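Here is a structure to get to know.

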Amino acid sequence: MKSLVVSDLSAWFGRKRVLRSVDMSAEPGSVTAIIGPSGCGKSTLLRCLNRMHEEVRGARAQGKVLFDGLDIYGPGVDPVDVRRRIGMVFQRPNPFPTMSIFENAVAGLRLGSKMRRAELQERAERALRASGLWEEVKDGLDEPGGKLSGGQQQRLCIARALAVEPEVLLMDEPASALDPASTLRIEELIQELKSRYNVVIVTHNMQQAARISDWTLFMLYGEVVEYAPTKKMFTTPEDRRTEDYVTGRFG
Amino acid sequence: MSHRVAEPGAASARLGDRAFRGLTLAVGMGLIAVLVVVLWVLAQGGAPALARFGPGFLVGRNWDPVHQSFGALPYVFGTLVTSAIAITLAVPVAVGLAILLNEPVGRAVTAPLASFVDVLAAIPSVVYGLWGLAVLSPAMERHVEPFLRATIGRIPILGRLFSGTPSGGDLFTAGVVLAIMILPIVTAISREVFSVVPRDLREAAKALGATRYETIRMGVLPYARPGIVGATMLGLGRALGETIAVSMVVGGGRSVGASLFAAGSTIPSVIASQFLNAQGIGYHRPALLALALVLVTISLSLAALSRLMVRRTARLLDGGSVEGAAEGPALEVSG
Ligand SMILES: Nc1ncnc2c1ncn2[C@@H]1O[C@H](COP(=O)(O)OP(=O)(O)OP(=O)(O)O)[C@@H](O)[C@H]1O
Ligand SMILES: [Mg+2]
């Protein structure tokens, strides 16, 4: 488990600057929530943490993101290596629809190195158990991943991210497209994962942030307004704007 | 108030809807009718030859108007072989080009290349024929074919395709000309296909740590496959029917052997060169009409086959998060 320390991070889409010198850190064994109104740059910040931001045409980032002490934006760092160690789950479930559930779960393991079938099976089972999907799919691992329900698909995507055993897990509103029951499952899952992973999650849901995170980062217009332990954030925030936002008075 | 305003609008919208549906239906039926009439005319005209020669019409190798003996095998063979060469050469290039153009980087090189490929579509087919005759044939005879014979020609089974005496005017040269002629359409449709593959899947692969090549293999190609099949079929349709350019470079022989360096003929080329002289009594004219019927049958069967292949993959995609993304372009196959 490794820590992430962000300092003076800015990001652009073309000319438009969407992150303004962000500082934050995410500690191993904890859940860090990023909250803020729509368009404030939460997804962009998250995508900067595993160098996915630069995949958008015209997008670039500048600053430092120290992962276990090493700057992932440093010279000679291959984004492919970064992404293998820092996993990501997206807002919209995006399993590979023509691949089977099994193939989806081990998709990341198929990259780069070759692995024996038995080991793949073991890793798939472990990841699917961790994401809480195993009991539902164990008899139909050869079914196409696209045939699952939305909530199941999202848990399949989480399993896919976990199977490569990343050191950090980034999640962008992983439950926003799901019903309350599936949301609850995913929240429980995050609680279980946090002992073994460093989890950073973007959420729109204030209660969710309060329930599952240890640290909370509040952003506004691409800037960090406040970064504090979740309890403090939701009871005695330092900044007036944070208070307005978490109590729902933000306008 | 707003209710009264809305009503006539809604009614006329429904009327427009009905009119549009009626029109679409009429045009659709019209097209089917045209196809049926064409098939009917060909079947009617070709019937005497088919009745006279039976299955021998398809497997016979002798096509001799003077002695009234008609076996179409060399022409069917030539058509299938030249089209197969064209597809084999053109599809990988077209798909590769389409992939490159879909990538966010390297446009400076690939974009001009793409415009060049588009321009190829505007060249009349007789010009391709002239170019094939004047430039390509000699080059094939002197350089390309001897080289292939000396290299691939030595491999046990595959080598038989590249054995024999290079002549320049042969099935292989015709296939190469056809490949260049169908490149633009296959490229254009493949590009369209790649551009509708959802970003989600590409990002899913990237976020797992896929390299650019792995991203294409894992997050792009599987969803583009039905569309590429469609693009291939359209290209194949053009290759099967191409007449002038092919007849100028294919050599006019009647080979049915393994060597691609032998002179052959295709169905369109033989119909174009003989039909005007086939007005007399006898089986020549029916035989040519029967030949046309065979060509149409081949095209239609391939189109039907491609629909089946596309359907199978599309059904998988439908259940997923990419509702029918790859179905769109494939619809054009039947056209
Ligand atoms: N692909 C893009 N091209 C250009 N601008 C973009 C792009 N994606 C996002 N932006 C802009 O960047 C800013 C931050 O977007 P981002 O997606 O990070 O917001 P967010 O906080 O995640 O919002 P939401 O809660 O709605 O998901 C927004 O102003 C948005 O308009
Ligand atoms: Mg977002």
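The questions below ask what stands behind each description.

Q: What kind of model is this?
A: This is a predicted model.

Q: What makes up chain B, in helices and strands?
A: Chain B has 12 helices and two strands. Along the sequence, the order is α-α-β-β-α-α-α-α-α-α-α-α-α-α.

Q: How do you know that the span of helix 3 of chain B is close to the expected one?
A: Helix 3 covers residues 73-102 of chain B, which is 30 residues. The expected span is 1.5 Å times one less than the number of residues.

Q: Where does helix 3 of chain B bend?
A: The bend is at B:A90, by about 25 degrees. That angle lies between axes fitted to the seven residues ending there and the seven starting there. A proline, B:P92, follows within four residues.

Q: What share of chain B counts as buried?
A: Of its 335 residues, 41% do. To count, a residue needs 20 or more other C-beta atoms within 10 Å of its own.

Q: What makes the largest nonpolar core a core?
A: Its members are buried nonpolar residues joined through C-beta atoms within 7 Å. The set has 154 residues, and B:V177 and B:L291 have the most contacts inside it. Helix 6 (residues 171-195) of chain B gives the largest share, 16 residues.

Q: Which residues is B:V177 in contact with, leaving aside neighbours within four places in sequence?
A: They are B:Y128, B:G132, B:L136, B:A245, B:V246 and B:V249. Each pair counts as a contact because the C-beta atoms lie within 7 Å.

Q: How many residues does each chain bring to the contact between chain A and chain B?
A: Chain B brings 21 residues and chain A brings 24. On the chain B side, helix 7 (199-207), helix 8 (212-241) and helix 11 (284-319) each give two or more. Helix 7 of chain B gives the most, with six residues. By class, the chain B side has 11 nonpolar, six polar and four charged residues.

Q: Which residues come nearest to ligand 1?
A: Of the 13 residues around ligand 1, these are A:F13, A:S38, A:K42, A:S43 and A:T44. Strand 2 (16-26) and helix 1 (42-48) of chain A each supply at least two residues of the shell. Helix 1 of chain A gives the most, with three.

Q: What classes of residue make up the shell around ligand 1?
A: Four are nonpolar, seven are polar and two are charged.

Notes: Residues numbered from 1 in each chain as written. Chains lettered and ligands numbered in written order. Predicted model: local features only at pLDDT ≥ 70, side-chain atom pairs only at ≥ 80, totals over all residues. Buried ≥ 20, exposed ≤ 12 C-beta atoms within 10 Å, placed from the backbone. Contact = placed C-beta atoms within 7 Å. Nonpolar A, V, L, I, M, F, W, Y, C, P; charged D, E, K, R; others polar. Near = placed C-beta within 6 Å.
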